[in-house]
Amino acid sequence: MRFSVIIPLFNKALYIRRALGSVLAQTVQDFEVVVVDDGSIDGSADLVREYTDPRIRLIGQANAGASAARNRGIAESKADLIAFLDADDQWNRDFLEQISFLTAKYPAAGLFATSYRMFNGVDTQYPQIRNLAISEGGHGILDNYLKAMLGPAPFYTSSTVVRKEIVQRMGGFPIGVALGEDLDTWLRIYFDSPMAFMYSHPVVYFAGLPASVTSARIPDGDFAPIATAQKFIDSGHCDAKVVEDLQEYIAHNQVEIAKSLIFHNKHDRARQQLRRIRKTRRYVCEKIFWAFWAAMPHVAIQTALRFKAFFRYIRQSIDSRIDEGQIKQSL
């Protein structure tokens, strides 16, 4: 068996069939599926029991969070390669095929991933990844992972496959962490093993769904990746360039947390978060910019966001009309 697909399940009755269907439709069929029901109360587990494919196993446990569910799935898995799929996301048919290519091309890597696309119920968006030496459609070792994380993440949980031995040696996903447990795990793996990456989009991340963890919680000062990055700095084992990259990684996450707090009208907490930011070369201006907005009344922020959305709509409408005109001219 080549892959163990781990699906943590908590109250995703509306989506679990879609996720399982996308796994069963893979062009690479050498896998098992371990669904860990994390105390669902909406009938999600009953839907999984309807499947008769012997490769699908359902394991139940009391609600303990996504990290505990993934760790349980890893412990119960039989394959050396662990693929993660959230119950409300889906894969294209060739996701495991692309991962298989990466494992053959980069056998020394401990993590294999592709990029993804996001669907918010209206349109599809592609992450604008920064600082990548790998071009769209290409592949390679993600040497500058820390730099690539200074913007939309190049990959996320449902587009990631790890070697079982490595993720277990890293201690798995951190327990008791409400948000960012996956980023914390990838950061620890980055300092242990190479990351192989294909710049393609065979995974769909459905954003803003009901009961979504990421839409319901705001990280704060105890954001796990920040604490882990600081531990690597304090260890004294990183050279000056890596320390600088880690400091920028920390500052980026702190800015993103402050932005979320501002947008959710938690300005006092946002200002506290901004005061924690070190004045790295990259983030000194952003710190000042968001400190300004943290001092503004929330109604001013709401107005600014409405104007931004309006101008984005106008720009998209103009672009659409230009495209239509070009198509008519070509006919």
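Q: Two strands count as a pair if DSSP finds at least two bridges between them. In which sense do β9 and strand β11 pair?

A: In this predicted model, β9 and β11 (residues 195-198) are joined by three bridges in the antiparallel sense. His 139 stands opposite Met 198 in β11.

Q: What is the order of the strands in the open sheet?

A: Eight strands form the sheet, in the order β3-β2-β1-β4-β10-β6-β11-β9, with mixed pairing. At its edges lie β3 and β9 (139-141), each of which pairs on one side only. From one strand to the next, the twist averages 20°.

Q: How many bridges does β2 form with β1, and how many with β3?

A: Strand β1 (residues 3-9) pairs with β2 in the parallel sense over seven bridges; here Ser 4 stands opposite Glu 32. The chain passes from β1 through helix α1 (residues 16-24) to β2 in a right-handed β-α-β crossover. Six bridges join β2 to β3 (residues 56-61), and these strands also run parallel, with Asp 38 opposite Gln 61. Together with helix α2 (residues 44-49), β2 and β3 make a right-handed β-α-β unit.

Q: Which strands does helix α7 lie across?

A: Helix α7 (residues 181-190) lies across β4, β6, β10 and β11, at about 50° to β10.

Definitions and conventions: Residues are numbered from 1 along each chain as its sequence is written. This is a predicted model: local features need pLDDT of at least 70, side-chain atom pairs count only at pLDDT 80 or more; totals for chains, interfaces and linings use all residues. Side-chain values use heavy atoms; hydrogens and water are left out. Helices (H or I, at least four residues) and strands (E, at least two) are DSSP runs, numbered from the N terminus. A crossover is right-handed if, with the strands pointing away from the viewer, the path from the first strand over the helix to the second runs clockwise. Axes are lines fitted to C-alpha atoms, for helices over the stretch in contact, and angles run from 0 to 180 degrees between N-to-C directions. Contact means heavy atoms within 4.5 Å.
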